[in-house]
Amino acid sequence: MESMCYLLSPPPSKLSFIKPTSLMIVSATSLSSLSFSSMASPPKRKTLTSRPMSSKPTKTPSPTIPTTTNLDTDTSAFFPPKKVLLPIGFGTEEMEAVILADVLRRAGAEVIVASVEPQLEIEAAGGIRLVADTNISNCSNEVFDLVALPGGMPGSARLRDCEVLRQITSRQAEEKRLYGAICAAPAVTLLPWGLLRRRQTTCHPAFMDKLPTFWAVKSNIQVSGQLTTSRGPGTSFEFALSLAEQLFGESVANEVGELMLMHTADDMRRKDEFNEVDWSVDHKPRVLVAVANGSEEIEIVTIVDILRRAKVDVVVASIEKSVQILASQGTKIIADKLIGDAAESIYDLILLPGEIAGAQRLHKSKVLKKLLKEQDAAGRIYGAVCSSPAVLHNQGLLKDKKATAHPSVENQLSNNVINDAKVVIDGKVITSKGHATVTDFAMAIVSKLFGHARARSVAEGLVFDYPRT
């Protein structure tokens, strides 16, 4: 059996990932050999004053990915990193906040997550606990290239009621720098601040009636001057890439979209299923999501948020010595339990988020390995996304199973890899490519546990494009 080191270490790449201090544009021909190890640590931050942004509206990124060359020269002395403020509060929608931070950091932005609450730790709308980088009061004298407001309730109201944030965002609009909001935030936060005047705006369908009728637009993304708005968790990737394009240009936005499998996912089948079996249970399903330092935050948060929306009992368990983990792009997440405490219970599903560094640490957990072996022996369900199907493979849990994984590891798993589907289910094993396909992964689980009607209902709340039949 191949070693875990080989499985989770793609061939050495000449590429460096896009960083705030060096705008590296990656050749599209090199994607399959990209090492995720360079993503494991968040960018180092500097305190600086950023330049005002152009007021010219831009279009959302094109799915066509140009082949570009590497720019190996460090340009930080000439072009300081773009500075982004991402405020969060109690009840902020976690998918929106985390996807924004993750995508913009990958594009090269210095993203500051600021709490509008007295404390840095906040409980998001779906119960995920996030830890901000700083308090909003420490940002009042800073100049930002972008202020991006996640939605959720009561999170949007908490942002609205923060006077410091109102002043920062109002100054942002007055000085014609970029600002944006998603989900409930356009209607609940920006509208009372008077920052939607004479601007076409979209928001979550549940709040559209609060927008001025003449200026309300039912589109996933709406760019109106310096203001960009969007609809919900299911449009967060599009929203984040639109903002990345306005900050860094179309080629960088396209490159990030490609690296996060957004554009390739458009051409894939949503799901392939083999050896179909019934997943339904006669009780509230219980799911364990194992996490580690270096795990991909988008995958953690999306899986947990969507399953909890479907009324699944989800336990997030850290395999580290602390319940707080530092995810791959710098998001700090507090798990519900340590893996040792979580191991005292039985779970209907055990799920592993990906990213190379996180997958390597999950593989080293003896407690998790024991749980997975017991899960398989008992005929219960388990799954993984991104790099973590390699963890299952290394433990013999993908034997005679069809699966998929991130392109950097999928061809190293077995001869049963399916590379043209976002999600692959074989009996009681489910895998997915990761990043932008993780929503389909979570939705497939909801559909298998509860049926298509429940999945459709969840998708509508997310504003996620999901088949009607």
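This report walks through the fold, the nonpolar core and a few local features of the structure above.

The model is predicted, so to speak of local features a pLDDT of at least 70 is needed, side-chain atom pairs count only at pLDDT 80 or more, and totals for chains, interfaces and linings use all residues. Residues are numbered from 1 along each chain as its sequence is written, and side-chain values use heavy atoms, with hydrogens and water left out.

**Overall picture**

The protein has 16 helices and 19 strands; these are DSSP runs numbered from the N terminus, with helices (H or I) of at least four residues and strands (E) of at least two. Of its 469 residues, 61% count as buried, where buried means under 20% relative accessible area, exposed over 50%, and partly exposed in between (1.4 Å probe, protein chains only). Among contacts with a separation of 6 or more, 73% join residues 24 or more positions apart; a contact means heavy atoms within 4.5 Å.

**The nonpolar core**

The largest nonpolar core holds 82 residues, and Leu104, Leu307, Leu351, Ile430, Phe441, Met443 and Ile445 touch the most other members. Such a core is a set of buried Ala, Val, Leu, Ile, Met, Phe, Trp, Tyr and Cys residues joined through side-chain atoms within 4.5 Å. Helix H2 (residues 94-107) gives the most to this core, with nine residues. At least three residues come from each of domain 1 (83-260) and domain 2 (269-462), with bounds taken from an automatic or database domain assignment. Leaving aside neighbours within four places in sequence, Leu307 is in contact with residues including Val287, Leu351 and Ile445.

**Rings and charges**

A search of the whole structure finds one aromatic pair. The rings of Phe214 and Trp215 have centres 5.1 Å apart and planes at 90 degrees, so the pair is edge-to-face. Rings of Phe, Tyr and Trp (its six-membered ring) pair if their centres lie within 6.5 Å, and planes over 60 degrees apart count as edge-to-face. Phe214 is exposed, at 72% relative accessible area, while Trp215 is partly exposed at 25%.

Elsewhere, the charged end of Lys83 sits over the ring of Phe144, 5.8 Å from its centre, and Arg454 lies over the face of Phe450, at 4.1 Å from the ring centre. For this, NZ of Lys or CZ of Arg must be within 6 Å of the ring centre and within 35 degrees of the ring normal.

**Backbone details**

| Residue | Phi | Relative accessible area |
|---|---|---|
| Cys183 | near 65 degrees | 7% (buried) |
| Asp400 | near 60 degrees | 64% (exposed) |

Cys183 lies in the loop between strand S7 (178-182) and helix H5 (185-190).

Key
Phe/Tyr/Trp six-rings, centres within 6.5 Å; stacked < 30°, edge-to-face > 60°.
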